[in-house]
Amino acid sequence: MFRTENGCFHPIECRSEKLPKQFTFPFYYTPHPLCIKAADEIKSYLSTQTDFDHNFGLGHSKKGLKIGKMFGVMLVENPKGQLGYIAAFSGKLAETNHLKGFVPPIYDTLNKAGFYKKNEAHLNRLTSEIETLEDNSELENAEKYLKQLKLESDHKLEEFKKIAKAKKQKRKQQRVEAEQNLSLSEKEVLFEELKQQSIQSNIDLKYLKLNLEAEIEDAENNLDDLLKPIEILKRERKKLSASLQKQIHEQYQFLNAKGQIKDLIAIFKTTDLGKPPAAAGECAAPKLFQYAYENNLKPIAMAEFYWGISPTAEVRKHGQFYPSCRGRCEPILGHMMQGLDIEPNPIELAGVYNGELEIIYEDDFILVINKPHEFLSVSGKTIKDSVLTRMQNYLPNATGPLLLHRLDMSTSGLLLVAKNERTHKNLQKQFINRSVKKRYVALLDGSLELKKGMIDLPLRVDLNNRPRQLVCFEHGKKATTTYDVVEVKQNKTRIHFYPITGRTHQLRVHAAHQKGLNMPIVGDDLYGMPSNRLHLHAETLGFEHPVKKEWVSFSCEAPF
């Protein structure tokens, strides 16, 4: 039982369960039974505790912002050989970094006596001063005056040029008439007069521009005088913030099983980011490793689960287990797990298919295959075997890119191949025009009451946790799916999906997200629960044959 008065080490009974031989690969795993037992104890505690006040969004009695949290448990063995577990939460909880029964943070940014809080107070003062100066009505009036002055200046120049153009046209007409009606001496006098008028017009334009520019310059100088102290404060704030950020990153000192220490700056220096992302080191997993190493506890296994209301962007379900995040945790845990015997990365072992690809249809121009699940459409960084490489070997004389579209590695079903570049361009145009008809069949984990509908949720990649996708109405790309329910049986829903757009993981996110169907696809190890496979299959594909110019349609029954 999770008891807060017993410190951070919580004994756990191990009856029939065998301990794992290797530590959990944190980015893809099935929770060990003892980790599930430990997590259940934490969940029970969270459901009944009165030690702290935090609104997880699970009831209506709590007030304040509703925020779900990731929790982690690590199965450990203490120096006496006793088996137990330690627990952690990501970030802060109930506005604190320290709660009884949970391991402490690696660095406490909330410590009032620490340098961070003192410097944060200074940053807040600078921000307050900046906001006061920016809210000044004199600044607002100066900005409006400059904007209005520029508009009036443009208008005056435009009017002057308009009048000058009309006068120029008039002088031109006078010259034409003079050639016909005036004597030579009269013409000389008139032409000189017209010349002087033209010169004077140019001089007037020049001085008008100078006067207008001088007015604008005065207004700009006045505005600059008001903006200068703001810019000085902003530069001071930026410099202090950068210095403070560097100091904080240096305070996050991470141990590994070999006793080696690295800070955040050193860990992220060699990554693609080059510097630590926001909140790096605040996740549950690094806290668990750090506490284990500092207290001579042997790590045995680990699992993380989400508790609370689903977030607006990510797919996170209450009580469900999830892998560690990649963007923030992968570089950190890569260091912290050194010296431990870790399970092999199953992602590196995936994508192996030893059988022959099933060809559904083939003629001189196109080829339709049935891609097996857990097989890449296109080669990845480490896995070279794919549909594309197989097709390159099968069609050595083919030209063009071959593949017209892709399926996720975990998705099975129909893929279209063009044997020459001209055919590829024709079919590609059909894909762009969305005239190609695709139907997917999926099995959802739950009973869906709706019979048909449309899901319209824009998607973008989760930069901190690739390849997961987020629902993002600000920066996401439009993603639309229609669906028909086929049947509901034994709390599972068989459904047909018709993707109108083709975003990465579109059907998986649209199924699992709370604003979608709120029901993940069975076997979805990213947005739902792992199973024997992802129950998603590209079942039918229809298009106009690029040469025969007739509609063709192909089907391949789902293997589930």
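This is a predicted model: local features need pLDDT of at least 70, side-chain atom pairs count only at pLDDT 80 or more; totals for chains, interfaces and linings use all residues.

Me: What makes α2 roughly antiparallel to α4?

Reply: The axes of helix α2 (residues 115–134) and helix α4 (residues 184–251) cross at roughly 160 degrees. Angles over 145 count as roughly antiparallel, so α2 gets that label relative to α4. The two axes also come within 10 Å, and their crossing is left-handed.

Me: Which residues meet where α2 and α4 touch?

Reply: On the α2 side they include Phe115, Tyr116, Leu123, Leu126, Ile130 and Leu133. Among their counterparts in α4 are Pro229, Ile230, Leu233, Leu240, Leu244 and Ile248. By class, the contact of α2 with α4 has 12 nonpolar, six polar and six charged residues.

Me: Why is the pairing of glutamate 120 with lysine 117 called a salt bridge?

Reply: Their closest N and O atoms are 2.8 Å apart. The rule asks for a side-chain nitrogen of Lys or Arg within 4 Å of a carboxyl oxygen of Asp or Glu, so 2.8 Å qualifies. Both residues lie in helix α2, three residues apart, which is about one turn of the helix.

Me: Are glutamate 120 and lysine 117 buried, exposed or partly exposed, and how do you know?

Reply: Glutamate 120 has 22% relative accessibility and lysine 117 has 25%. Buried means under 20% and exposed over 50%, so both count as partly exposed.

Me: What about glutamate 140 and lysine 144: what makes that a salt bridge?

Reply: Here the N to O distance is 3.3 Å, and the cut-off is 4 Å, so this pair passes too. Both lie in helix α3 (residues 137–181), four residues apart. Glutamate 140 is partly exposed, with a relative accessible area of 40%.

Me: Which residues do salt bridges with shared partners join into one network?

Reply: Asp408, Arg508, Asp524 and Asp525.

Me: And how many salt bridges does the rule give?

Reply: The count comes to 17.

Methods: Residues are numbered from 1 along each chain as its sequence is written. Side-chain values use heavy atoms; hydrogens and water are left out. Axes are lines fitted to C-alpha atoms, for helices over the stretch in contact, and angles run from 0 to 180 degrees between N-to-C directions. Helices (H or I, at least four residues) and strands (E, at least two) are DSSP runs, numbered from the N terminus. Angles under 35 degrees count as roughly parallel, over 145 as roughly antiparallel, 65 to 115 as roughly perpendicular and the rest as oblique. A crossing is left-handed if the near helix is turned anticlockwise from the far one by less than a right angle, and right-handed if clockwise. Contact means heavy atoms within 4.5 Å. Ala, Val, Leu, Ile, Met, Phe, Trp, Tyr, Cys and Pro count as nonpolar, Asp, Glu, Lys and Arg as charged, and the others, Gly among them, as polar. Buried means under 20% relative accessible area, exposed over 50%, partly exposed in between (1.4 Å probe, protein chains only).
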